[in-house]
Amino acid sequence: MSKPKTANPNQQSFLHQNLLDQLNPKHPLLLLVRQIDWSYFDAEFAPLYSHLGKPSKPIRLMVDLSILKHLEDLSDEVLIQRWIQNPY
């Protein structure tokens, strides 16, 4: 009996493409996020996060959602619906 082949972790699958490869690189929100220094937010907000209790959401996600909420003047409910439905 032959040994089963293991998948090459460096090989991409057409079924599991990187989301960024599927989005329009000229979309205004993608252009904006490429201009932001995310390490600044990580450094500023990291002390506010705790390692105790339920795992927290990533700092970048929280900043992304806050920016989108204020740019589009969205309520919390609409923001979450839009985030789920729209990859931008």
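What percentage of the 88 residues of the chain count as buried? The figure is 14%, where buried means under 20% relative accessible area, exposed over 50%, and partly exposed in between (1.4 Å probe, protein chains only). This is a predicted model: local features need pLDDT of at least 70, side-chain atom pairs count only at pLDDT 80 or more, and totals for chains, interfaces and linings use all residues. Residues are numbered from 1 along each chain as its sequence is written, and side-chain values use heavy atoms, with hydrogens and water left out.

**Fold and surface**

- The chain has five helices and zero strands. Helices (H or I, at least four residues) and strands (E, at least two) are DSSP runs, numbered from the N terminus.
- Read from the N terminus, the order of elements is α-α-α-α-α.
- Among contacts with a separation of 6 or more, 39% join residues 24 or more positions apart. A contact means heavy atoms within 4.5 Å.

**Largest pocket**

- The volume of the largest pocket is about 510 Å³. A pocket is found on a 1 Å grid over the protein atoms alone, as an open set of points where a 1.4 Å probe fits, with protein on both sides within 12 Å along at least five of seven lines. Grid points are joined across faces, edges and corners, and the volume is the space filled by probe spheres set on the points.
- Its lining holds 21 residues; lining residues have an atom within 4 Å of a point. Val33, Asp64, Trp83, Pro87 and Tyr88 lie nearest the centre.
- H1 (19-22), H2 (28-35), H4 (59-72) and H5 (76-85) each supply at least two lining residues. H4 gives the most, with eight.
- By type, the lining divides into 15 nonpolar, two polar and four charged residues. Ala, Val, Leu, Ile, Met, Phe, Trp, Tyr, Cys and Pro count as nonpolar, Asp, Glu, Lys and Arg as charged, and the others, Gly among them, as polar.

**Helix H4**

- H4 has 14 residues and reaches 20 Å from its first C-alpha to its last. That is close to the 20 Å expected at 1.5 Å a residue, the expected span being 1.5 Å times one less than the number of residues.
- Ile59, Leu61, Val63, Leu65 and Leu68 are buried in H4. Their cover includes H2, H3 (38-45) and H5.

**Asp73**

- Asp73 sits in the loop between H4 and H5, just after H4.
- Its phi is positive, about 55 degrees, although Asp73 is not a glycine. Most residues other than glycine have a negative phi.
- Asp73 counts as exposed, at 70% relative accessibility.

**Pairs apart in sequence**

- His27 is in the loop between H1 and H2 and is partly exposed, with a relative accessible area of 22%.
- Ile80 lies in H5 and is partly exposed at 37% relative accessible area. The C-alpha atoms of Ile80 and Leu65, 15 residues apart along the chain, are separated by 8.4 Å.
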